[in-house]
Amino acid sequence: MGSKLIDHLFRHHSGKMVSVLTRIFGLKHLESIEDAVQDTFIKASLAWRNNPPENPEAWLTQAAKNRVLDIFRSLKTHQKHILDFNLGTDTIAVNDLFLDTEIADAQLRMIFSACHPKLDPRDRISFALKTVSGFSIKEISSALLTKEDTIKKRLARAKKAILASDLKFQIPQGKALPERLESVMEVLYLIFNEGFHSNKKEILIREELCGEALRLCQMLLKNKHTRTPESYALCALMCFHSARLDAKTNLENELLSLKMQDRSLWYFPLIEVGNAMMHKAVQCKTFSCYHYEAAIAAEHLKVARFEDTNWDKIHYWYQCLHTLQPMDIHVLSMAVICIQKEDFKLTKLYLDSLNSHDFEQRSYLFYGTVAEYFIATNDFRKAINQIDLALNAVNNDLERHYLESKKKDILDKMK
């Protein structure tokens with residue numbers, strides 16, 4: 001059995017195992033549980049080299065059940081508290097916790113634990129990717145463009161906060177649920193965004209992050225208490241964006257603008273799922289930021305040609321979004337829309353209200369938009385200046401190549 005398959009199984013199965021075992025032993029023993037799961041997969045990778053099992057997932061599930069007893073021993077629990085797998089009632093109790101419905105419940109509990117407000121917001125994404133999704137520290141570091149030591153510190157800080165606060169491994173109920181659910185959705189949204197538009201130097205799209213965020217969001221929809229208009233809207237947004245992933249780059253791995261994308265590459269079954277999610281999301285009186293972002297994404301997907309885009313409608317949705325959630329990136333997006341509408345007076349008003357420093361790592365987006373404004377108004381020298389500023393700020397290679405190609409086009413126009 002190849003190492004890639006084992007890595008895949010670890011990614012998708014370790015979160016289940018950690019969640020179920022945490023439900024049995026509690027969050028205070030999380031470190032011991034993670035070590036036990038890690039050890040199980042190391043043993044699996046060795047055992048499967050020459051004799052791979054017919055059903056790897058069943059093998060791992062059985063291994064997880066066996067680890068229940070091992071962990072009790074490692075925690076030096078008194079003999080009378082150790083489960084005896086030879087006794088029918090204990091066997092039934094443990095087996096019940098590994099039923100699909102119970103695994104889903106345990107994973108949902110883990111999501112809420114990882115996204116708890118008592119954890120530092122900077123730590124929640126790393127902690128969720130580690131405990132719920134099975135990402136290694138190296139993978140989290142790579143995905144979030146952060147040093148491995150920093151990720152280790154974040155994970156340690158999250159575990160320390162859990163112990164200090166004595167957090168319960170449960171799904172919140174009543175009045176506590178909406179606020180906690182909002183925190184969960186924010187983390188899933190950030191995970192998806194990092195995948196859809198990665199800061200990583202060599203890779204623009206991290207499909208595994210997009211897929212994981214979508215999987216976790218669908219888990220929210222499977223539980224009647226977390227199945228809300230907002231979670232449906234977030235799922236719709238992820239579906240709409242994911243449907244366009246294959247069209248974002250060409251065969252030469254070059255970044256393509258929305259105008260240049262081959263729309264026949266959009267994955268329409270996923271768009272249909274997004275539409276179904278959106279239909280359920282709008283069965284409410286008030287809309288969230290996820291509703292408006294999904295509505296914006298849907299407008300792009302409605303038309304077969306870029307030229308047919310309803311920029312007025314998209315501008316309206318962005319105004320609604322910015323009213324609900326004021327952010328500089330929304331103002332920049334409205335400037336881009338106004339360039340498409342050839343409303344250069346309003347474009348300049350938007351751009352003049354922004355400061356490149358406020359965009360930090362994404363400042364190249366600001367410079368690139370200002371360059372587009374100068375191109376549209378035929379001020380090519382100023383456009384070149386802004387492109388150069390963008391090139392100095394950009395980190396991703398694909399986006400750098402895109403800007404270099406844009407600069408070449410401008411220079412050709414100036415000849």
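**Exercise 1. The chain as a whole**

What percentage of the 415 residues in the protein chain is buried? Describe also the secondary structure and the exposed surface.

*Solution.* The model is a predicted one, in which local features need pLDDT of at least 70, side-chain atom pairs count only at pLDDT 80 or more, and totals for chains, interfaces and linings use all residues. Residues are numbered from 1 along each chain as its sequence is written, and side-chain values use heavy atoms, with hydrogens and water left out.

Step 1. Buried residues make up 50% of the 415 residues; buried means under 20% relative accessible area, exposed over 50%, and partly exposed in between, with a 1.4 Å probe and protein chains only.

Step 2. The secondary structure comprises 19 helices and zero strands. Helices (H or I, at least four residues) and strands (E, at least two) are DSSP runs numbered from the N terminus.

Step 3. The protein chain exposes about 21500 Å², of which carbon and sulfur atoms supply 51%. Accessible areas come from the Shrake-Rupley method with a 1.4 Å probe, and for residues only the protein chains shown count as cover.

**Exercise 2. Methionine 334**

Where does methionine 334 lie, and which residues does it contact?

*Solution.* Step 1. Methionine 334 is part of helix α15 and is buried, at a relative accessible area of 3%.

Step 1. Leaving aside neighbours within four places in sequence, methionine 334 contacts His315, Tyr318, Gln319, His322 and Tyr350.

Step 2. Histidine 315 is 19 residues from methionine 334 in sequence and 6.2 Å away in space, C-alpha to C-alpha.

**Exercise 3. The second largest pocket**

Which helix supplies the largest share of the lining of the second largest pocket?

*Solution.* Step 1. The largest share, eight residues, comes from α2. Helices α1 (3-25), α2 (30-47) and α7 (137-143) each supply at least two lining residues.

Step 1. The lining has 22 residues, of which Phe10, Gln38, Lys130, Gly134 and Ser136 lie nearest the centre of the pocket. On a 1 Å grid over the protein atoms alone, where a 1.4 Å probe fits, a pocket is an open set of points with protein on both sides within 12 Å along at least five of seven lines, and lining residues have an atom within 4 Å of a point.

**Exercise 4. Positive phi values**

*Solution.* Step 1. Most residues other than glycine have a negative phi.

Step 1. Aspartate 166, in the loop between α8 (148-165) and α9 (176-196), has a positive phi near 50°.

Step 2. Glutamate 342, in the loop between α15 (328-340) and α16 (344-352), has a positive phi near 60°. Its relative accessibility is 61%, so glutamate 342 counts as exposed.

Methods. Contact means heavy atoms within 4.5 Å.
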